[in-house]
Structure formats: C-alpha cells, structure tokens
Amino acid sequence: MSNRKNSLPGLYIHIPFCKSKCLYCDFYSLTDLSLLPAWLEALQQEVLLYKDTFAPFDSLYLGGGTPSLLDGFQLAAMLDSLRRHFSFYPDTEITLEANPDDVTREKLHLWRDLGVNRLSMGVQSFAEPDLIFLGRRHTARQTEQALEWVRIAGFTNLGVDLIYGLPGQSAGDWRKNLERALEFRPEHLSCYQLTLETGTPLGARKAQGRIKPLPEEAERELFLLTSRFLEEHGYIHYEISNFARGEAYYSRNNRKYWRHVPYLGLGPAAHSFQGGKRWWNHRSLDRYCQALSDGVAPVAGRETLSAGQLHLESLYLGLRTKEGVDLNLIRPQPRGDTMLGELQEAGLIKLHHGRAALTREGFLVADRLPLWFSD
Ligand code: SF4
C-alpha cells in the first residue's frame, strides 16, 4: 500500500441498534427499533455539519450495533446522503458488519448493488453451546449458510469475527472453531478474547461467582495457538487480534486508528480524530438527536493531544502491529534503551532495519508496555 493510501481519512458510521443484546456486549446499541427512523433523520443533520471538513475518504465502515438489520430503503438512503455530501475515492473500501441471522440472498445482492465490497461477519463461534452462552441470536447452521451465500453473491473480501477464552473452553474446542472458520477461506479474521465487562449480564454472573474466567495461563495458550495456527495456514498476524490473507486484506478502517490517520465517526458514541484533536459523540440516542435538532454537533467531549501524548500513543499503537515502530520513537522514552535491551533479552521484541516489533510472545504483554516505558 502506498504512503498516499496510508494517510487518507476514513469514515465510520455507528448504527446504534440491535434486535437483542448479546450477554457480553458493552457497545452502545438499543433494541427499540422504532427509534431507527429518528436516528436516520438525525444522522442526515450530522452529515451536513461535517460536509467539506475532511479530505476525500478511502474507507467507509458501517459498524454498530447491527448495520445488517437496516432494510434496503434505509441503507440506500443513508449511503446516498453520504455520497452526496462527502467525497470518496473510486476504490473506497466499504465494509458492512453483518449478523448471520440477518443475511439473506436478497440482502447480499442488495449490499453488493449499493457498493458494499467487504463484509465483516459476526460469527463469534461455530459451536452451538458457545452461541447460547454468549447470547447470540443466530445458530451455527445460520452462520454456515450465510457464509456460503456470501461467496455465491460474489463477495471477495470477507472478514470473520470470532471470540475465544470462554469459561471452560479447551484448546481443542477453540482449534475446532478456527478449523471450521478456515473452511470458508475468509480473507480476514479478527479473534478477540472474551472480556467479562462490568455492566453486562456475563459481568454480573462473574461478580456473583456463577462463572469463572479462564485462568491467565489458559488464555495465553489460546492466544499463542491462534497466532501459530493461522500463520501456519497462510494468514499474516498483522495486529494483536487481527489476521489477513495478504496485505491487501488488512482492514483499512482499523489501520487509520492505529496510525493517527484522520477519521470521522458519525452516530451516537462514535469517535473522531483530526489534526491532533479527538472528539466523541453522546452515548445516548436522546442527547444525540436533541443536539442535532438544536443545530449543534452531538459531541460529548473533546481533547487536544500534546506532542508528547501523540508520541506515546504512536508508540503503543504501533507496537500492537506487526510493523512495529521506528526505534526513534522508543529511544527518547525515559526507560527507552533499557527496556529495549530487556525486552530483546526476554524474546519479547525484535529489531530489524531500524524498527522494533513485538514477537508473538511480546504481543501477550503489549497492554503492560505503557507502565514499563514510563519512569
Ligand atoms: S450484535 Fe454486536 S453490538 Fe449488538 S449486542 Fe451483539 S455484540 Fe453488541
């Protein structure tokens, strides 16, 4: 990918609706679908507020929530408004997050006709007991059918999201899931470790002692298994949780977050970044719609990052990727050279052509790096 491509801004739309709430989910989404028309109307206002404020986009990501629950008219109207008021490169990557239970042959053709060229399928697991535990709406059979139809409809860029680290999950159980996923030859895989977040039903069960998270050692084993298994099958482990069958399939949207490339997020709870400034929208549909009907941006908070903060973020975000970071980002840190030496000795980091990148084992400790590099 050229340097020009690496610096083009991205557009993210948060569709804040789901037919029901999964038991582990702490994303902002509502299950009252009668509010959808009001949200779509407010979104039109938000689009107008940001018209002409960003250079042309080369990625559009429809996330949520559940974008696949929009009907043809709603999705077409939304895309039409975005195309009328923003500029997009002809080869823009347009991703739609889909839940298997929403996928029909008709919808797949409609999505293609509307220009969607990448699907991100919320599979999570191919094992029925896992789906029930997670409170997913779909069955494994529905997922398999949906993945077959995706290919028949002609999609050539398919991402599959999976969750591992469920209480009691064995390495064999997880491996079966990975094997099943690979039968569909997805171009991209995201494998996220389950977190039992406070405020979610599974988090409450954990607090009551009704479920026990996997021991850290077992989580570690599953992470290493994932990385080894997928690399053996031709995938590039290009970010801690992300794998692609070639660089062309790296998610453009995600890379913008990791590299401080400008992005605009529209919809409740969406985040944006431009010129060292970050802002985020109200995590409440009411407040979001109210602000827009008052003619103001529905922004809940803003921050301007100092040069030092940007530097540190670039370091930590960069180290979460296969490319790693320029050594000049690490050396000025208070414990930069010392840490480099220690991490190298422990086999957690490797140096190559003036860059430092975490090894597979190093990825396991990436979250602790901010502590290690500071005083
Ligand atoms: S479908 Fe996605 S956003 Fe909706 S409740 Fe489930 S995990 Fe959350």
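This is a predicted model: local features need pLDDT of at least 70, side-chain atom pairs count only at pLDDT 80 or more; totals for chains, interfaces and linings use all residues.
Residues are numbered from 1 along each chain as its sequence is written.

Alanine 171 is found in helix α7. Leaving aside neighbours within four places in sequence, alanine 171 is in contact (C-beta atoms, placed from the backbone, within 7 Å) with Glu221, Leu222 and Leu225. Threonine 226 is 55 residues from alanine 171 in sequence, and their C-alpha atoms are 9.5 Å apart.

Helices here are DSSP runs (H or I, at least four residues), numbered from the N terminus.

| Helix | Residues | Residues in the contact |
|---|---|---|
| α2 | 36–50 | Ala38, Trp39, Ala42, Gln45, Glu46 |
| α11 | 285–293 | Leu285, Tyr288, Cys289, Leu292 |

By class, the contact of α2 with α11 has seven nonpolar, one polar and one charged residues. Nonpolar covers Ala, Val, Leu, Ile, Met, Phe, Trp, Tyr, Cys and Pro, charged covers Asp, Glu, Lys and Arg, and the others, Gly among them, are polar.

The axes of α2 and α11, lines fitted to C-alpha atoms over the stretch in contact, with angles from 0 to 180 degrees between N-to-C directions, are 9 Å apart at an angle of about 45°. The two helices are therefore oblique, a class left over once angles under 35 degrees (roughly parallel), over 145 (roughly antiparallel) and 65 to 115 (roughly perpendicular) are taken out.

Methods
Two residues are in contact if their C-beta atoms, placed from the backbone, lie within 7 Å.
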